[in-house]
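Me: I would like to learn how to read a protein model. Can we take it feature by feature?

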Amino acid sequence: MRFWNQSCGANALNSLGSNRVRSAALVACTAFVVCTGAQAADQGPRPESTANPEAWPALKSPIAADAALEARIDSLLQRMSLEDKVGQVVQGDLDSLSPADLQLYRLGSVLAGGNSEPGKRYNASAKEWLDLADALYQASVNRNDGGPVIPVLLGIDAVHGHNNVVGATLFPHNIGLGAINDAELVGRIAAATAEELRSTGFEWTFAPTVTVPRDDRWGRTYEGYSEDGALVARYATAVVQGLQGSIGDDGFLDQKHVIASSKHFIGDGGTFEGHDKGDTRVSEAELRDIHGAGHIAALQAGTQTVMASFSSWNGQKMHGNYSLLTEVLKQRLGFDGFVVGDWNGHGEVKGCSNQSCAASFNAGVDMFMAPDSWRDVYDNTLSQVRSGAIAIARLDDAVRRILRVKLRLGLFEAGAPSSRALGGKFDLLGSDKNRALAREAVRRSLVLLKNNGGLLPVSPRQRVLVAGDGADNIGKQSGGWTLTWQGTGTKTEDFPNAESIWQGIRSAVKAAGGEAELSVEGRYEQRPDVAVVVFGEDPYAEFIGDVPHLGYQLDAPKDLQLLRSLKSAGIPVVAVFLSGRPMWVNPHLNASNAFVAAWLPGSEGGGIADVLFSDGDGKPRYAFEGRLPFSWPRSAAQSPLNAGQDDYDPLFPLGFGLSYGQTADLPELSELPGVSAAASQSGLFFARGAEADGLRWWLANSEGESLAVAQLPSLDLVAGVRMLATDHTAQEDARRFVFRSQGGSAELRSTTAIALSALSKESPFLVVTLKVSEAPQGALRVGIGQQTIDISAELRGFKPNEWLSIAVPVHCPATAPIVDDVTTVFHIQSSGATDLALSRIALGVGADRVVKCPSAP
């Protein structure tokens, strides 16, 4: 079977000239791969979620079999107790265990998941990270019962540098790297990341993400390099080799490298309507040739681990798909490392829970990622092996794979993390060399979408106004997975080895003799010659980043107002757009003279000034090299949008990007978005950790002082009321409210009025899913608009920490006027201390408890 068109490789694409020709070639390559795959996969009828291994390429491990290593594994298996073996297939999160637990349970691995860090402090020092790594290692090897000593494997999500640690280099997120189309550069970034990881004791990163996002509404789009599987495949090879070293080289898996993890297997970028953890409804040919391209390349480069996807394929969860995890990945593709699950992903398999899932293990997951459920998973897996629900041969196979990876890494002889080659070398974090590499990546990732009148490059000898809330905000320019899981709640001082975009511009302008002024709101004391406005998406990660459409700020166009105000004053405007995906920004393009897609550049904001400003002779200092790794939408409703589809009509095609010297101006664009301005008009106001489009939380104390909450935790910005992220069915998918004795309130406010009377005809209740940790000491009123009802009596009947839904009538005509156009879609007010959490707020009809309207006075 011919799997791959080699003419679609990097050399072929790099040799193409114009953007238009290059884009057409990418379309042809994508179409070719899909067509050839469809022919090869036609093997007759079978269940849509069951793969046909014969339709996949027959591969074998690129690492030669090592008889001595396998004999060592045999010896270890013979000496291991059943408890030892089960321990190896379980991974817990450091936020839910202590080093002492490893001596009792002998877990195979510990991960530092999102928002898990030493001392539960997101800004813990590098030394604290290393000390914790040492403590976990020492506990895992401290054994006096005669059993075999097997060191623990420490894993972490280092997805754009060592992004959990203060001071580390933050490289552009993958979407920005995809715009560069340079696998060699991406390989160097991976190698630098590996060294920074090793300095703090980690030896395994959950990267590369080789997803191929096909619907940009997905909240993880920025974790993908491109919608083009061929580019993703080239990068997969380079990143795995950068992290692990190249097979056959002396440095392969040495102490300057780390274990890689190809994720997420398979199809996570193709879910229906871009829903995180959703269902990928595609043919096996498309699954293989588009979504499998990066995985196959990573396997051929020798990735030692593969992470199973949260998503489903044609209705079956990947964590439970035997045909793909075992028959295809391990048998047909020859993978001899181990498969790790994703965060409690086994619990989503039919018939399973977070605490127990023999089906997932039998399907091919070798190591449960059971962050907070690991004790139960350990106990239940042990019971399932004893009962025969899990065959001992299957357990031995999984343990063999895990031991093989640990032995290849040299973990048994490595000693404590601090004693290894790079352990404690904290000068690697944010080193000059790595920051220079990151700055190069920023420069080369920028995509110029508009340059009317040749405004760019800007002379740095002028008076430059820098505006927008992204200008001096390193957290915003770095995006999600930056010190915290969602990338929120950080401060400027958390980034000691970083430069904001404003700081980079100020340095460039000052060095040339010009003047630069920062004003987020766009105000100025002296009229500027040019304005650079930096704006875009606030940080997010995973499902919280899912959006219903690609329209940017349709409900609250504050950034558009800023651009228009400056342009209407006759000031030339350069827009620098920060985003984790292409978005419909036609009005913003119209309101700017020049427009740059800067993606999520990371810690080196100075790389943007490098390209925007000219040298002393007025010539560009650096070229605009970036080309779109994703198609740019013509309307906010245009998703999915991928090169090669029948109705392909983007505003800017895959591979587009202007260069200096091109003179064609962008004409005025339509400003009709093609979607309803407010997704909140659907009656769903808050779910899965995110407010509906156009809504924002506001907190107020008992004195009426209020403040919009832009990041979490709220840190008592309003005295007496706190808002924090908490978990219900997934990580940080709920909000916790802590009211102190004097009470206070929280509201979900909309920027536009919502016609409640129409919505509530079929859904007459405001249904709130909540959990009470501390029952209200006084009245607690809940409602919509100005109408609220005291539900404190009902809440006092809730069991502590039990999630239940409660329905409150939208209209109580006897006690309050019927509300119609409202801007406050949810209101909760406490007259005393209480502690509760909310995970869903929507109009509906059914709930566990229904509150009646109060009688008329």
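Me: Is Asp835 buried or exposed?

Reply: Keep in mind that this is a predicted model. Burial is judged by relative accessible area, and under 20% means buried. Asp835 has 8%, so Asp835 counts as buried.

Me: Where in the chain do Asp835 and Arg736 lie?

Reply: Always place both partners. Asp835 is in strand β30 (residues 834-844) and Arg736 is in strand β23 (residues 734-739). They are 99 residues apart, so the pair links distant parts of the chain.

Me: How many salt bridges does the structure hold?

Reply: The count is 51. One of them joins the side chains of Glu54 and Arg332, at 3.5 Å from N to O. Glu54 sits in the loop between α2 (19-40) and α3 (67-79), while Arg332 belongs to helix α12 (residues 322-332). The pair therefore ties together parts that are 278 residues apart in sequence. Glu54 has 52% relative accessibility and counts as exposed.

Me: What does Lys85 form with Asp396?

Reply: Lys85 and Asp396 form a salt bridge, and their closest N and O atoms are 2.9 Å apart. Lys85 is in helix α4 (residues 82-88) and Asp396 in helix α15 (residues 392-408). That is 311 residues apart, another link between distant parts of the chain. Now check burial. Lys85 is buried, at 10% relative accessibility. Asp396 is partly exposed, with a relative accessible area of 23%.

Me: How many bridges join strand β1 to β11?

Reply: Two bridges, in the parallel sense, pair β11 with strand β1 (residues 90-93). Now zoom in on one residue. Gln91 has Met369 in β11 as its bridge partner.

Me: How many disulfides does the structure hold?

Reply: There is one disulfide. Cys352 and Cys357 form it, with their sulfur atoms 2.1 Å apart. The torsion about their S-S bond is about 65°, so the disulfide is right-handed. Both cysteines, Cys352 and Cys357, are buried.

Me: How do I read backbone angles?

Reply: Most residues other than glycine have a negative phi, and most peptide bonds are trans. Then look for exceptions. The peptide bond from Leu456 to Pro457 is cis, with omega near 0°. Pro457 is in the loop between β12 (447-451) and β13 (463-467). Ser639 and Pro640 are also joined by a cis peptide bond, with omega about 5°. Pro640 lies in the loop between α21 (606-612) and β18 (684-687).

Me: Where is Trp481, and what is its phi?

Reply: Trp481 is in the loop between α17 (474-478) and α18 (501-512). Its phi is positive, near 55°. Trp481 is buried, at 4% relative accessibility. Leu483 lies in the loop between α17 and α18. Leu483 has a positive phi near 65°. Its relative accessible area is 4%, and Leu483 is buried.

Me: What do I check for the whole chain?

Reply: Begin with the inventory: 23 helices and 31 strands. Next, compare the radius of gyration with a rule. A compact globule of 857 residues would have one near 29 Å, and the protein chain has 27 Å, which agrees. Buried residues make up 63% of the 857.

Me: What is the mean pLDDT of the protein chain?

Reply: The mean is 90, and 91% of the residues reach 70 or more. Take care with residues 1-45, where pLDDT stays under 50.

Key: Residues are numbered from 1 along each chain as its sequence is written. This is a predicted model: local features need pLDDT of at least 70, side-chain atom pairs count only at pLDDT 80 or more; totals for chains, interfaces and linings use all residues. Side-chain values use heavy atoms; hydrogens and water are left out. pLDDT is the predictor's confidence in each residue, from 0 to 100. Contact means heavy atoms within 4.5 Å. Two strands pair if DSSP finds at least two bridges between them. Helices (H or I, at least four residues) and strands (E, at least two) are DSSP runs, numbered from the N terminus. A salt bridge is a side-chain nitrogen of Lys or Arg within 4 Å of a carboxyl oxygen of Asp or Glu. Buried means under 20% relative accessible area, exposed over 50%, partly exposed in between (1.4 Å probe, protein chains only). A disulfide is a pair of cysteine sulfur atoms within 2.5 Å. The radius of gyration is taken over C-alpha atoms; the globule rule is 2.2 Å times the number of residues to the power 0.38.
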